[in-house]
Amino acid sequence: MNKLLAITLAIFVGACSSVESGKKTNSTWEPIIDQPSELASIMRSLNQEAELRKQNLEKGELSEVNSKLIFKMITAKPTEPHMVGAAFAPNTEAFIANYRQLSNAKDIDAQIDAHNNLVKSCIACHMNFCQGPIPLIEKLYVNL
Ligand code: HEC
């Protein structure tokens, strides 16, 4: 399953729309898999963190929630400038507020609820700015 997720992630890497990445098949295309933007690397870490948290929650285990990366999101450089816009800052603030609630959740049920709320706020921002990874992000929901 992890391998599958990694492959799915690789398909979306460097491109917010899967259609876009499908077009880049000419010989001048260079994969930017090894050089993600600052924002893309933060996203990969947050995604990985959420995958692990989901696995733990499904085993009935709490995870530590204390990433400092979330505070770097607003200023992080995206792959292309159009990937962030006016709604980016308010979306980041909503995300950070949900992350804070998640870090305050002290039992499994509360952490599951807060985790799923956080995933919603990932998707809310992605609807505006970066739709490609949404199917991947939806897999982060914990349904117990
Ligand atoms: C405030 C807006 C916003 C929020 C919140 C957000 N993202 Fe993103 N995400 C973006 C943008 C913009 C990009 C494109 C970054 C780039 O290519 O530089 C991106 C890219 C990604 C990527 C692709 C990274 C790559 O390798 O190219 C993944 C996966 C991802 N986000 C997952 C998540 C997950 C999981 C969450 C929640 C834990 C989340 N995002 C929350 C805006 C957001």
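**Ligand shell**

I looked up what surrounds the ligand in this predicted model and found 33 residues, the closest being Met43, Pro78, Thr79, Cys122 and Cys125. I sorted the shell by class and got 24 nonpolar, 8 polar and 1 charged residues. For the classes, Ala, Val, Leu, Ile, Met, Phe, Trp, Tyr, Cys and Pro count as nonpolar, Asp, Glu, Lys and Arg as charged, and the others, Gly among them, as polar.

**Conventions**

I number residues from 1 along each chain as its sequence is written. The model is predicted, and local features need pLDDT of at least 70, side-chain atom pairs count only at pLDDT 80 or more, and totals for chains, interfaces and linings use all residues.

**Whole chain**

I counted 6 helices and 0 strands in the protein chain; helices (H or I, at least four residues) and strands (E, at least two) are DSSP runs, numbered from the N terminus. The chain has 144 residues, of which 19% count as buried. Buried means 20 or more other C-beta atoms within 10 Å of the residue's own, exposed means 12 or fewer, and partly exposed lies in between, with C-beta atoms placed from the backbone. Among contacts between residues at least 6 apart in sequence, 62% join residues at least 24 apart. A contact requires C-beta atoms, placed from the backbone, within 7 Å.

**Nonpolar core**

I listed the largest nonpolar core, which has 12 residues: Leu39, Ala40, Met43, Leu46, Ala50, Met73, Tyr99, Leu102, Leu118, Val119, Cys122 and Ile137. Such a core is a set of buried Ala, Val, Leu, Ile, Met, Phe, Trp, Tyr and Cys residues joined through C-beta atoms within 7 Å. H3, H4 and H5 each give two or more residues to this core, and H3 gives the most, with 5 residues.

**H4 against H5**

I checked how these helices pack: the angle is about 170° and the axes are 8 Å apart. Axes are lines fitted to C-alpha atoms, for helices over the stretch in contact, and angles run from 0 to 180 degrees between N-to-C directions. H4 and H5 are therefore roughly antiparallel, the word for angles over 145 degrees. On the H4 side the contact includes Phe88, Asn91 and Tyr99, and on the H5 side it includes Gln111, Ala114 and Cys125. The residues of this contact divide into 10 nonpolar, 8 polar and no charged.

**Single residues**

Ala114 is in helix H5. I found Ala114 partly exposed, because it has 19 C-beta neighbours inside 10 Å. Leaving aside neighbours within four places in sequence, Ala114 is in contact with Gln101, Leu102 and Ala105.

Thr79, one of the closest residues to the ligand, is in the loop between H3 and H4. Thr79 has 18 C-beta neighbours inside 10 Å and so counts as partly exposed. I put its C-alpha atom 9.7 Å from that of Gln35, 44 residues apart along the chain.

Lys72 is also in the loop between H3 and H4. Its 14 C-beta neighbours inside 10 Å make Lys72 partly exposed. The C-alpha atoms of Lys72 and Ile42, 30 residues apart along the chain, are separated by 8.1 Å.

Methods:
Near = placed C-beta within 6 Å. Parallel < 35°, antiparallel > 145°, perpendicular 65-115°, else oblique. Contact = placed C-beta atoms within 7 Å.
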